[in-house]
There are 2 protein chains.
Amino acid sequence: MSLQHGILGLLSYKSMSGYDLNKVFNESINHFWSAQLSQIYRVLGNLEDKGYVSSQVEHQEGRPDKKIYSITDEGKKEFRNWMNDNPEQLLSPIRDEFMIRIFFSSLLPKEETIFQLERYNKQAQELLKHCHSEDQVIDKYAEELSLPNDKLYWRLTLKKGKMITEALVRWSEECIEELKQAQKEHQK
Amino acid sequence: MSLQHGILGLLSYKSMSGYDLNKVFNESINHFWSAQLSQIYRVLGNLEDKGYVSSQVEHQEGRPDKKIYSITDEGKKEFRNWMNDNPEQLLSPIRDEFMIRIFFSSLLPKEETIFQLERYNKQAQELLKHCHSEDQVIDKYAEELSLPNDKLYWRLTLKKGKMITEALVRWSEECIEELKQAQKEHQK
DNA sequence: GGAGACATGTAAGTGGTTACATGATTCC
DNA sequence: GGAATCATGTAACCACTTACATGTCTCC
């Protein structure tokens, strides 16, 4: 459901091919909803079957043909309905494999868990750096699509990304600290 | 994969029926990996097919029979292998429908978005309260199963839950603040 | 008398991943 | 010569959700 509506939302900004959509997606919705290109193509097919988008082939010299998708009036209606119909439960279910590993880490030597937490911390810091560079991307898109009203909301989603990622960085640091402490206690 | 290994992990603590497993699951792994009871039954079936768990039926007076699952040596080996084999990418992909809605919220009146953010904030606070009450659950299980070494790691997963949820509470508050501000600017 | 705990599962459907298939052009 | 970009998709498989099916006991 969500991916479908995310794609409808992007197409309401601008008609695009699946390939281009994927690029825009990766710089926006992908931060809170991951998707493979193949899945995007499938969803576009489904949306077309339902009449929410229409497509038209654009011939290109020296490059493969493009299939440009546009949102239909039906699609716009569907998207607006979805936007107006929030679920009871707003918090999304969590699926965090790494936490399962941490949960059962008494099986492993503490050094190994510390090592993995350090990797985790590095990846979180990397992601945080990436988040900080996204401010410019927002400016770029807001200008390109001339949608100044949307910038505010895009920033709010980015802000969430930053805050969560900062929490992950801090969490993993504190975990490492605690485990090192526990190691010392044990050596005494 | 993860659910399978989470279940193997819990069964390595203690043999249980699917029904009991579900209860333990809901007070532990469910905080970072959600699952329906029906899915747990199916995974148990798969694990049995693979020889990672074995089952034996326990007859009960006045209550339905129980099917007690136990982890096999094969299962223990599989679980340990999984624990030793961390993926490259430790950060889990995000799937957050609410963020898609925020992203496209320029479509809606600001009051509506504020209203939904307030609901979000309330739910996050509710969850945070719940997290704080979990400390006792950890103590209870550690004693019941006499696994004092595991408590440390269980606490680390709980800590992550708290930190993330605190970030969600703060984020939604700041969003509401920003939107109210934007509303005022507009009225001028 | 009804709700909820106890207990097990199947069936249908959805949404997603990974791998595969094709083939030209451009840049290093 | 090889990798990356451009461009489209299908097929097989997997994990998960929702709804359905069954039936007893206990507590209010």
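Q: Which elements of chain B each supply at least two residues of the lining of the second largest pocket?
A: This is a predicted model. In it, helix H2 (18-26) and strand S3 (66-71) of chain B each supply at least two lining residues. H2(B) gives the most, with four residues.

Q: How much space lies in the second largest pocket, and which residues are closest to its centre?
A: About 260 Å³ of space lies there. The lining has 13 residues, and B:Ser17, B:Tyr19, B:Gln60, B:Asp65 and B:Lys66 are the closest to the centre.

Q: What makes up the lining of the second largest pocket by class?
A: Six of its residues are charged, four are nonpolar and three are polar.

Q: Why does the pair between A:Lys67 and a phosphate oxygen of DNA strand D count as a polar contact?
A: A polar contact needs N or O atoms within 3.5 Å. A polar side-chain atom of A:Lys67 lies 2.8 Å from the phosphate oxygen. The pair therefore counts as a polar contact.

Q: Which polar backbone atoms have a phosphate oxygen of DNA strand D at 3.3 Å or 3.5 Å?
A: One belongs to B:Met1, at 3.3 Å. Another belongs to B:Gln36, at 3.5 Å. Elements giving two or more residues to the surface near this strand are helices H2 (18-26) and H3 (37-50) and strand S3 (66-71) of chain A, together with helix H3 (37-50) of chain B.

Q: What part of DNA strand D lies within 4 Å of the protein, by atom type?
A: Of those atoms, 66% belong to sugar or phosphate, and the rest to bases.

Technical notes
Residues are numbered from 1 along each chain as its sequence is written. Chains are lettered from A and ligands numbered from 1 in the order in which they are written. This is a predicted model: local features need pLDDT of at least 70, side-chain atom pairs count only at pLDDT 80 or more; totals for chains, interfaces and linings use all residues. Side-chain values use heavy atoms; hydrogens and water are left out. On a 1 Å grid over the protein atoms alone, a cavity is a set of points where a 1.4 Å probe fits but cannot get out, and a pocket is an open set with protein on both sides within 12 Å along at least five of seven lines; lining residues have an atom within 4 Å of a point. Grid points are joined across faces, edges and corners, and a volume is the space filled by probe spheres set on the points. Ala, Val, Leu, Ile, Met, Phe, Trp, Tyr, Cys and Pro count as nonpolar, Asp, Glu, Lys and Arg as charged, and the others, Gly among them, as polar. A residue is near a molecule or strand if one of its heavy atoms lies within 4 Å of it. A polar contact is a pair of N or O atoms within 3.5 Å; within protein, one must be able to donate a hydrogen and the other to accept it, and residues adjacent in sequence count only if both atoms are side-chain atoms.
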